[in-house]
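This report describes a protein model for a reader who is new to structural analysis. Please keep the sequence and the structure at hand while reading.

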Amino acid sequence: MRKHPVLIERKKYPQGYLKENEEDIEVSSRYTVYIKLERVFIDFCEELIETFGELDYNNLSKVITKIKKKDIFTGINSSEKYTDFINERIEKYEEKRKKCIEIIDSIELEMERNEQFNRQLLKNFLKSNKKILNMVYMTNKTLYHNVLRYLDDEFDEKKKKLRKVEIPLLKLVYRAIAKTSPYFYFNDIVFHSDSIPDFSYKVKNNLITPNYVFFYRVMDKLFLSKELIGFTKFKISKKISNLGNDELQIMSYKHNNFRILNTKLGIYNLKMNKVLKYFVSNQKEIYTYNEFKTTLNLSDDDCRKFIEYVLDIGIFEFDYSMIVSNENNLLEEVYTYTLAYSKYAEWLESLSVKILLLKERIEEINSNFSNELYDGIIHCYSDIAEILGIESLEKNVLLYGDSVSSNLGNPYNEEKDISNSFGELISIFPVFDLYEMIQNEFLFELQELGINERVSINDSKAMLALINTNLKFKNYWNDPWQKEELRSPKNIQIQSLKDEFYEYLISNLNGNVVDLEPIVNRINTNIDNNLFRKEAYYSVFYQKTKNNEMVVNQIYPGFGSFFKRFIRYTDIFDKYQKQIRDFYSEKEFEWIEINETLAFNANMSTVRYFPIRYQDPLLRIPEKVDYVDETNSSIYYNKKGFYLESNGKAYKPIISSSLIRAYFPGKMSFMSSIFGNISFLIDTPVIWINELQDNKKIVTIPRVHFKDVIITRAMLYIPVKSIIPKIDDNTKTIDIYIKIRKVLSTHGYGCEFFVQTRKEEFKNEHHIKTILAEFDKPQYIDLNNMLLMRLFINIIRTNENILISEMLPENIDESEYMREVRV
């Protein structure tokens, strides 16, 4: 295993005032006293049941029945009817029972003090952390104004209003404190290196950017306006395939959301009429409004309808390159375009003024964030949308931001680096990497077509086989353990090894810890090294425990997918380009990057991570220098895998982007699947849940590890009614607290944990296919913080089942690290 020269650290937002305090400890210590007293009470009840059972007193039956309940709220009165011996024991019963009640009463009082104390801590935290308040404002303005009233103690005597403010507020605050998902100011990104001497970098001041998808929608509207349609260029889509017999297969991508450009995919066949056949068979690629009108002899109205039709079905698309030369400067280029044509209509002049104002405000907010400035940006977006009559954005996608900071005073720490044992574990990647199976199945299909070594990139039968192979595995991300009908002998062997791994986990259904070392060693022994690829690149997200164990959070594709997103804010690539590219150096071929951003802000980068780019006809913005043109290329295969050959040189095109591959135009995603790698399966909890789940029983999911690498945290899948049959307004917090603590203690859990709930669209489904896709993100809970306890109660009130995972690492402040590895 080789490691990328640069390590990324994602720091959590500092807790400050919210760190554990004496009030939290007091609740827990009193609970511990209660459990001891309750145990004494229960033991005494069992003693009494045995003692009284031996006595010949008919009148004791009711007493014994009450004692058998072992309920501290069930009192028993002494009586003249009983002997002194019996009355003495009843009095002892009452003494022990009342001690339990007294400590419960004291816990309740302590809970009230705890709630008040933690409420004040939360208020102090918000008052001293303007960045968090800014994020509240950007996330939910109504909540923000209520938070200001909350900080002024306006709701302190209004319990329902308090809950209404505190529950969403706590979710937001603890997202910053407990999670490392990048979101503006929530997490600082820091870089380290163990192999580059005197490693240092500078941070650029461009961390906040506009929503680029919105400005593609702006361009679409401008291109079809009556004033500008005559200047618009339309090009034949490269997403169509001629199937013969006047039939087309069309891959049509339409607007679906404002995060990623055109992600709603439709694949369908269309029988061409004479008009469509003329345009598709013509060598001409670019058309204008006047050419359509003249060629087809159409009126202005009919010409517009024709253009809208061919755009809608996906045969034609806009030629964005007539405006866009640099997507990272998209706002400037759209402004320049509207300014140039502003003389044609007053609305165009007004539009250019609004775009300029938005550009200036975004430049300013990068250096001087304020809520007023943010409001000004919202108004600019709204004004632009209103002028054009297009859909307005949701406020949470108006701007995109990361928080990258210097590593001064924060040197590389070897203890935080990736474990060497991880290299041994990841060595079985051919069994679990989806792209391995796609490549094997595609090779088999090519051989069935009589293609044994080399095929043109434009061979329609080969490309159809590639599409169908990818589609065969389309359900993998939603159901990773599902078995597909496999034809490739290699894949049949892979599936047998995967089945062996699955059966090994099944054989450990009732354990507390699963050690993967025996099965990993067995798979490594059984893998035929002559059948499988020799190398892969992965981005590994992990944390470290206090015992220096490595806890794996996610494993994603490598090839700079996540480095590229963050280093664009620094001069790291300018300074250390050689060291970074040396990590990817190959003797027999060269990696080339597919650079399609899909207007996704995280993809917008001027960094050319690999020196050469892949020129696919699907790209909206054609490459101008240092590229390999697909049209002059062919695919060939040898024992080491697939290669793209162009002008006698071997290449492998890969996507160097953090965006999910499924969102890329189909052909790009399909092509990249036969050259790179993508996944390493760690979604094991579903195996235990599906094998053991019963609506009345708790499922224990063990910790899964390989040596000092923890693949899956221990979890509990809990039907809420199994611990609390009924929750209503009369249910006491103390009762829920004691019940959940007992359950957690029985299974070895403390007061801190993460809880997840099933997403709304999956709640009625019994079978669980994947935790990642079907469950909401984990929410941090500390039962000894009564505000978080209230949040937890809200969660169990509104869900039938909850998934609890152990607190690893033990320290909530622990950073998350990302390092790319080559294995």
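In this predicted model, a network of salt bridges links E115, R119, R163, E166 and R790. A search of the whole structure finds 55 salt bridges.

## Salt bridges

| Side chains | N to O distance | Accessibility class and relative accessible area |
|---|---|---|
| K359 and E332 | 3.0 Å | K359 buried, 15%; E332 partly exposed, 26% |
| R454 and E453 | 3.9 Å | R454 partly exposed, 38%; E453 partly exposed, 48% |
| R822 and E586 | 3.2 Å | R822 buried, 8%; E586 partly exposed, 23% |

The salt bridge between K359 and E332 has a distance of 3.0 Å from N to O. Because K359 belongs to helix 12 (residues 346–365) and E332 to helix 11 (residues 330–340), this pair ties together parts that are 27 residues apart in sequence. K359 counts as buried because its relative accessibility is 15%, under the limit of 20%. E332, at 26%, is partly exposed.

In the pair of R822 and E586, the closest N and O atoms are 3.2 Å apart. Is R822 buried or exposed? With a relative accessibility of 8%, R822 counts as buried. E586 is partly exposed, at 23%.

The side chains of R454 and E453 also meet in a salt bridge, with 3.9 Å between N and O. R454 is partly exposed, and E453 is partly exposed as well.

## The protein as a whole

The secondary structure comprises 26 helices and 29 strands. Of the 823 residues in the protein, 56% are buried. The protein exposes about 37,000 Å², and carbon and sulfur atoms supply 46% of this area. Among contacts with a sequence separation of 6 or more, 73% are between residues 24 or more positions apart.

V165 is part of helix 6 (residues 159–178). The relative accessibility of V165 is 2%, so this residue counts as buried. Which residues are in contact with V165, leaving aside its neighbours within four places in sequence? They are L143, N146, V147, Y150 and F155. One of these contacts, N146, is 19 residues from V165 in sequence, while the two C-alpha atoms are 6.7 Å apart in space.

E441 is found in helix 16 (residues 434–448). E441 counts as buried because its relative accessibility is 0%. Not counting residues up to four places away in sequence, E441 touches T469, K472, F473, E485, L486, R487, S488 and N491.

## Aromatic rings

A pair of aromatic rings is described by the distance of the centres and the angle of the planes. The count for this structure comes to 59 aromatic pairs. One of them is formed by F279 and Y287, with 5.1 Å from centre to centre and 85° between the planes. This pair is edge-to-face because its angle is over 60 degrees. Both F279 and Y287 are buried.

Charged groups also sit over rings. The charged end of K284 is placed over the ring of Y287, 5.4 Å from its centre. K96 lies over the face of F44, at 5.4 Å from the ring centre.

## A nonpolar surface patch

Which residues form a nonpolar patch on the surface? L55, Y57 and F85 do so, and together they have about 230 Å² of accessible area. L55 lies in the loop between helix 1 (22–53) and helix 2 (61–69). With a relative accessible area of 30%, L55 is partly exposed.

Notes
Residues are numbered from 1 along each chain as its sequence is written. This is a predicted model: local features need pLDDT of at least 70, side-chain atom pairs count only at pLDDT 80 or more; totals for chains, interfaces and linings use all residues. Side-chain values use heavy atoms; hydrogens and water are left out. Rings of Phe, Tyr and Trp (its six-membered ring) pair if their centres lie within 6.5 Å; planes under 30 degrees apart count as stacked, over 60 as edge-to-face and the rest as tilted. Buried means under 20% relative accessible area, exposed over 50%, partly exposed in between (1.4 Å probe, protein chains only). A charge sits over a ring if NZ of Lys or CZ of Arg is within 6 Å of the ring centre and within 35 degrees of the ring normal. Patches are made of residues with over 30% relative accessible area and no salt bridge: like charges are joined within 9 Å, nonpolar side chains (Val, Leu, Ile, Met, Phe, Trp, Tyr) within 5 Å. Accessible areas come from the Shrake-Rupley method with a 1.4 Å probe; for residues, only the protein chains shown count as cover. A salt bridge is a side-chain nitrogen of Lys or Arg within 4 Å of a carboxyl oxygen of Asp or Glu. Helices (H or I, at least four residues) and strands (E, at least two) are DSSP runs, numbered from the N terminus. Contact means heavy atoms within 4.5 Å.
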